[in-house]
Amino acid sequence: MSTAKSLLKQHLQQRQLQGKTHIALRPGTMDRLTGAVREPALREVQKPEPMKPLAAAPAAAPLARILSEPPPAETKKAGLLEVGGSTIEEKLAALRAMAETWEPALSMASLRKTMVFAVGNPQASLMFVGEAPGAEEEKLREPFVGPAGQKLTAIIKAMGLDRPQVYISNICKFRPAMDNQGSGNRKPTPEEMRACLPFVLTEISLIAPKVIVALGATAAEGLGIPGSVGGLRGKFHSTQGIPTMVTYHPSYLLREEKMGDGIRAKRQVWEDMLKVMEKLELPISAKQRGYFQAK
Ligand code: URA
């Protein structure tokens, strides 16, 4: 038996002696323990998994039964990736490297192959989440650098912040492919989002911002907040327990501007951002409160 396996077995036996008869295993752990996945993957279990008793059982159960307990629903739902490193920066760097070779996304013909991760401050209190990179983002390998990105940067500035103070990411880390792509962009499909979702969820858990802003219904859906922006905006939802504001995507503001002056949409986004600023206890001047009021 490998060192990792015997350490784990010892640990479990100790827990069993302490009367802990139920534990949560991450998906895949059983495969590793039973040898379905070969040795290198065992590195993940050398660090004992966080174990939660599901319920106190009256008598000690055999180890085999403990190991076969299914993980509780929340462990499965969390869908976080384990990465090495001791600081947030190191962990984010490891996560980025993992995304570069992420088979579930790279094997999808409907996604392009250039990975665009995230940008900004790993210690940020405010995190913006968009849907997927577009042409400009793919070129520069940075989220929100095209026209929608310029709009987002203007929103951040209006809040009295600078882009490097916040963290900006996307649900999908690869640009969705199209026939005759050119500079065309499209929203990611639910399957494409699902393939990348563990990354943004892990980023959220590492950065632990005070507030998340989901830009558009697609980003909100990716974070598990389904609905239309019209119905979701204006109040806080929750992602991993973090207050999450859903607002219109900057591209929507650009479209509205093109069709008229877009003042109504701008004011709606701004009202959402004022709520975010209040939640973050940022100073708000009378001038800021009055932005984008219809004359
Ligand atoms: N739109 C997004 O949702 N993300 C980007 O990075 C750029 C445009």
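Me: How do α9 and α13 pack, and at what angle?
Reply: In this predicted model, α9 and α13 pack at an angle of about 100°. Their axes are 8 Å apart. (Axes are lines fitted to C-alpha atoms, for helices over the stretch in contact, and angles run from 0 to 180 degrees between N-to-C directions.)

Me: So what do we call that, α9 to α13?
Reply: That angle makes α9 roughly perpendicular to α13. (Under 35 degrees is roughly parallel, over 145 roughly antiparallel, 65 to 115 roughly perpendicular, the rest oblique.)

Me: Which residues meet there, α9 to α13?
Reply: From α9, there are P147, A148, K151, L152 and I155. They meet P250, S251, L253, L254 and E257 in α13. Contact means heavy atoms within 4.5 Å.

Me: Now α14. At what angle does it pack with α9?
Reply: About 50°, with the axes of α9 and α14 11 Å apart. Helix α14 covers residues 263-279. (Helices are DSSP runs of H or I, at least four residues, numbered from the N terminus.)

Me: Why is α9 called oblique to α14?
Reply: Because of that angle, α9 counts as oblique to α14.

Me: And who makes that contact?
Reply: K151, I155 and A158 do it for α9. On the α14 side, look for K266, V269, W270 and M273.

Me: New topic. How do α6 and α10 cross?
Reply: At roughly 175°. Their axes come within 10 Å. Helix α6 is residues 88-100, and helix α10 is residues 190-207. The two are therefore roughly antiparallel to each other.

Me: Which residues hold that contact?
Reply: I88, K91, L92, L95, M98 and A99 come from α6. F199, T202, E203, L206 and I207 come from α10.

Me: How many residues line the largest pocket?
Reply: The lining has 28 residues. E131, A148, N185, H249 and S251 lie nearest the centre. (On a 1 Å grid, a pocket is an open set of points where a 1.4 Å probe fits, with protein on both sides within 12 Å along at least five of seven lines; lining residues have an atom within 4 Å of a point.)

Me: Which elements give two or more residues to the lining?
Reply: α8 (135-140), α9 (147-158), α11 (217-222) and α13 (250-259). The largest share, 4 residues, is from α13.

How values were computed: Residues numbered from 1 in each chain as written. Predicted model: local features only at pLDDT ≥ 70, side-chain atom pairs only at ≥ 80, totals over all residues. Heavy atoms only, no water.
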